[in-house]
Amino acid sequence: MNTVLYITGRGGDHTKGLGGHISTLVSDYRGVSVDVPFLRQDIDDQIKVIRAAIIDCAGGTVIANSYGAYLTLLSFIDFEHDVEQVVL
């Protein structure tokens, strides 16, 4: 399986819960935790972080939950990417 990127919901930790489970299923797992320090950033900076993570996941799968899915959709606006699959 290709790279899997998991973007949590508000207050989430990509190493626990669903993200922790996904990490046991794939060999190349990456994540973005939408935690308090992340949320303290300006929304434009949050989108930049998500876009950078998506670029790093080229050809893989992006899985995003709740507020992370919202940020992911915003990140895809006018953005060229090479993501194989998106699961919201």
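K16 is exposed, with a relative accessible area of 56%; exposed means over 50% relative accessible area, buried under 20% and partly exposed in between, for a 1.4 Å probe and protein chains only. The side chain of K16 forms a salt bridge with that of D13, at 4.0 Å from N to O, where a salt bridge is a side-chain nitrogen of Lys or Arg within 4 Å of a carboxyl oxygen of Asp or Glu. D13 is partly exposed, at 31% relative accessible area.

The structure is a predicted model, in which local features need pLDDT of at least 70 and side-chain atom pairs count only at pLDDT 80 or more, while totals for chains, interfaces and linings use all residues. Residues are numbered from 1 along each chain as its sequence is written, and side-chain values use heavy atoms, with hydrogens and water left out. The protein chain has an average pLDDT of 94, and 99% of the residues score at least 70; pLDDT is the predictor's confidence in each residue, from 0 to 100. Confidence in the protein chain is highest in strand β1 (residues 4-7), at 98, and lowest in β4, at a mean of 94. Helices (H or I, at least four residues) and strands (E, at least two) are DSSP runs, numbered from the N terminus.

Three salt bridges are found in the whole structure. D28, R30 and D56 are linked in a network of such bridges. R30 is partly exposed, with a relative accessible area of 26%. D28 is also partly exposed, at 24%, and D56 is partly exposed at 48%.

R30 also takes part in strand pairing, being the bridge partner in β2 of L5. β1 and β2 run parallel and are joined by four bridges; two strands pair if DSSP finds at least two bridges between them. The open sheet consists of four strands in the order β2-β1-β3-β4, with parallel pairing. Its edge strands, β2 and β4, each pair on one side only. On average, neighbouring strands of the sheet are turned by 15° against each other, direction ignored; axes are lines fitted to C-alpha atoms, for helices over the stretch in contact, and angles run from 0 to 180 degrees between N-to-C directions.

Most residues other than glycine have a negative phi. S66 has a positive phi, near 55°, and is not a glycine. This residue lies in the loop between β3 (61-64) and α4 (67-76), and S66 is exposed at 54% relative accessible area. D78, which is not a glycine either, has a positive phi of about 50°. D78 is located in the loop between α4 and β4 (85-87) and is exposed, at 78% relative accessibility.

R10 lies over the face of Y67, at 4.1 Å from the ring centre. A charge sits over a ring if NZ of Lys or CZ of Arg is within 6 Å of the ring centre and within 35 degrees of the ring normal.
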